[in-house]
Amino acid sequence: MNKKHKEILENIRNEFPILDQKINGEDLVYLDNAASTQKPKSVINAIKDYYENDHSNVHRGVHTLSVRATEAYENARSKVADFLNSPNKHQIIFTKGTTDSVNLIASSVTNLIQENDEILISSMEHHSNIVPWQELCKRTGAVLKVIPINENGELLIDEYEGMISDKTKLVSVVHLSNTLGTINPIEDIIRIAKSYNVITMIDGAQAAGHFPIDVQELDCDFYLFSGHKIFGPTGIGVLYGKEEILNKIDPYQFGGEMILKVTFEETTYNDLPHKFEAGTPNIAGAVGIGASIDFINNLDRDLCHQYEMELHDYALERLEKIEGINIIGKSANKSAIISFVIEGLHPHDIGTIINQKGIAVRTGHHCTMPLMDFYGIPGTVRASFSIYNNHAEVDKLIDAIKLAIKMLK
Ligand code: PMP
């Protein structure tokens, strides 16, 4: 990394006011980015500006503030469309987050699923990409099948090819595992699914903030992510869908905004994307996600990715030297997330002690209980890196873990 790059990265850190604080008398070291990223000033200011100057309800009003709020909301939709390279903006639906997006699809595709049809997910899915499908299966009599992984945390693509058949109606797989850091070969997964005319859904909650996504190139039917994991606010998420399938499936919530005409006898639904956005939307959240996309677009994404992986490699190299450590997730294709367990110690105890040193990591099952069962562990300690972290913070993490081991053993 040359001097100019270092300077760019240091300046990025200064954009995040929350990082400049003490926790338990120590500098905050925020390594819980897979759970939620922090927010740059530009995102915080965009939300503040919106509420100070432009807020009203959208779409219905003729007055100036309503027109401005509508413009702000729809402008954010255009930014998301460009961010994903969606062919147009009406294929972008705003939701509450990834979980809400999965629930929307799993409810809305009900009319396309019949008894004994099969839904495929993988062993490393987040609960939000398991439970809604279980519910769909209960409603329809469809069967949920799980693509296995190996010990390294890599999907077994050959097994997947063997599982997919004319009975398969939908495949839903995570792009980047929040627990293992595995980057799945979604291009292959989608290609194989397409050869059987199977609907494909990609959970991009972890991926969208880390590398560019091109939904047209991927050719998936659905791609989803959450605002709060890409430097944007909580309570706003995205569902991209192919136009043909979005037109074919039913809305899953009903009320205002999503209608064209209502009588007591009958209702006609609105066009895309409004058909799937019942009620007053999270306008400020959309403004915030738009600002987070502007922030990302101003970054040198290759440099950021390279830097995050440099931090990952440095942390991994140092962690692997700790006696009794077991890294969970050793995929050849991996992102800047490290999960680990230490022999004889509970992850929560490690997390609690290192918090005393100002270090924020996540401990537990990371909403992937079946994956924990696969590894035969109750949970892991997970450190996840972002562009504002640095090598000194990795050193502090290592020192704090060593201290925790000393205290707990
Ligand atoms: N999928 C993955 C891979 C995730 O990491 C998360 C968040 N931890 C989700 C889905 C759910 O996202 P949200 O809580 O924002 O709905």
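Predicted model: local features only at pLDDT ≥ 70, side-chain atom pairs only at ≥ 80, totals over all residues.
## Largest pocket

Two elements, α4 (98–108) and β16 (362–364), each contribute at least two residues to the lining of the largest pocket. Of these, β16 gives the most to that lining, with 3 residues.

In total, 23 residues line the largest pocket. Those nearest its centre are Ala35, His126, Asn178, Lys229 and Cys367. By class, the lining of this pocket consists of 6 nonpolar, 13 polar and 4 charged residues.

## Ligand site

The largest pocket is the space taken by the ligand. Around the ligand stand Thr98, Thr99, His126, Ser128, Val174, Asn178, Asp203, Ala205, Gln206, Ser226, His228 and Lys229. His126, Asn178 and Lys229 belong to this shell and are also among the residues nearest the centre of the pocket. Sorted by class, the shell holds 2 nonpolar, 8 polar and 2 charged residues.

## Polar contacts and burial of the ligand

Thr98 and His228 each place an atom by an oxygen atom of the ligand. For Thr98 this is a backbone N or O atom, at 3.4 Å; for His228 it is a polar side-chain atom, at 2.8 Å. Lys229 has a polar side-chain atom 2.8 Å from a nitrogen atom of the ligand. The ligand taken alone exposes 390 Å², of which the protein buries 85%.

## Cavities

The largest cavity holds about 80 Å³ of space.

Lining the largest cavity are Gly209, His210, Phe231, Ile296, Leu299, Arg301, Cys304, His305, Glu308 and Ile387. Helix α11 (residues 301–319) provides the largest share of this lining, 4 residues. The lining of the largest cavity is made up of 5 nonpolar, 3 polar and 2 charged residues.

Methods:
Residues numbered from 1 in each chain as written. Heavy atoms only, no water. Near = heavy atom within 4 Å. Polar contact = N/O pair within 3.5 Å; in protein donor to acceptor, adjacent residues only side chain to side chain. Areas by Shrake-Rupley, 256 points an atom, 1.4 Å probe, with all protein chains shown as cover. 1 Å grid on protein atoms, 1.4 Å probe; cavity = no way out; pocket = protein on both sides within 12 Å on 5 of 7 lines; lining within 4 Å. Sits in = over half its atoms within 2 Å of the grid points. Nonpolar A, V, L, I, M, F, W, Y, C, P; charged D, E, K, R; others polar. Points joined across faces, edges and corners; volume = space filled by probe spheres on them.
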